[in-house]
Amino acid sequence: MDEKLTRGALWNKAGTAGIALGAVSAIYLFVTQYLSSLGSSIWISGFSLVLWGIKLLACIWLMSMFMKRFVEKYPSATSTDSFKFGMVTALCSALVYSAITLANVLVINPDLISQQIDAAMKIAGSSMDSNTINALDKAEAIMPQVIFFSNLIYCFLYGTVLSAILSRNMPPRNPFARRYSHNADSQE
C-alpha cells in the first residue's frame, strides 16, 4: 500500500512507536526498583546489569523495527524521512519515559529521593560539613525537575543518535544502482 507521507502521518506513527519504547524503559525502571527493594547482593546487581543489557538491545531492536515498518509503509520515504521519524520517535519516547519517571518520584514512590539522599549522607556523612548538608537539602527540593529534564535530554539525544545511525540504510540503498544505470545508458 503506497500511502503519501505527510507530517501528520509521521507524527502519528512516531508517537505510537515512542509510547512503545517509553513503556519498555518504564518497565525496566519498575523492575529494577523492585529488585533494589529486595536488598543489595552481588546476584541482584548482576541480574540488574543483565536486565539493563536486555533493555538496551530491545530498544535498539524496536527502534530499528519501527523504522523499517515506516519505510515499508511509505516507499517514497528517503533516509532523511526515516531519520525524522526516528528523531520524533525518540522525542515521544523520551517524553513518555520522563513523565513516568516524574510520576514515580512524585506520586508512586515519593520517598525515593529522600531515601537516596539519606543513604548518600550515611556513606559520606562524616566527611560532610554543614554547608554540604544544607546544599543537599536544597537540592532535594528540585530533584524531581532535574530527574525529568535530565532523562528527557539524555533519552532524546540517545534516540537521535540511534536514529541517525539506523537511518543511513533506510530505505536500503543499492551501492551499484548508479553504476548499473550508467552502464545501461552506455549500452543503448
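Is phenylalanine 148 buried or exposed, and what is its relative accessible area? In this predicted model, phenylalanine 148 is buried, because its relative accessible area is 16% and the cut-off for buried is under 20%.

**Aromatic pairs**

Let's stay with the rings for a moment. Across the whole structure, a search turns up four aromatic pairs. One of them joins phenylalanine 148 to phenylalanine 149: the ring centres are 5.0 Å apart and the planes sit at 85°, so this pair is edge-to-face.

Tyrosine 154 and tyrosine 158 make a stacked pair, because their planes are at 20°, with 6.3 Å between the ring centres. Both tyrosines belong to helix α5, where they are four residues apart, about one turn of the helix. An α-helix has 3.6 residues a turn, so residues three or four places apart point the same way. Elsewhere, ring pairs connect Phe70, Tyr74 and Phe85 into a cluster.

Here is how the residues of the two pairs described above compare with the solvent cut-offs:

| Residue | Relative accessibility | Class |
|---|---|---|
| Phenylalanine 148 | 16% | buried |
| Tyrosine 154 | 53% | exposed |
| Tyrosine 158 | 31% | partly exposed |

**Helix α4**

Now to α4, which covers residues 112–124. Its 13 residues reach 19 Å from the first C-alpha to the last, close to the expected 18 Å. Leu112, Ile113 and Ile117 are buried in this helix. Seen down the axis of α4, the buried residues fall within an arc of 130°, so they line one face of the helix. They pack against α1 (7–37), α3 (79–108) and α5 (130–166).

Key
Residues are numbered from 1 along each chain as its sequence is written. This is a predicted model: local features need pLDDT of at least 70, side-chain atom pairs count only at pLDDT 80 or more; totals for chains, interfaces and linings use all residues. Side-chain values use heavy atoms; hydrogens and water are left out. Helices (H or I, at least four residues) and strands (E, at least two) are DSSP runs, numbered from the N terminus. The expected span of a helix is 1.5 Å times one less than its number of residues. Buried means under 20% relative accessible area, exposed over 50%, partly exposed in between (1.4 Å probe, protein chains only). The arc is that of the directions from the helix axis to the C-beta atoms. Contact means heavy atoms within 4.5 Å. Rings of Phe, Tyr and Trp (its six-membered ring) pair if their centres lie within 6.5 Å; planes under 30 degrees apart count as stacked, over 60 as edge-to-face and the rest as tilted.
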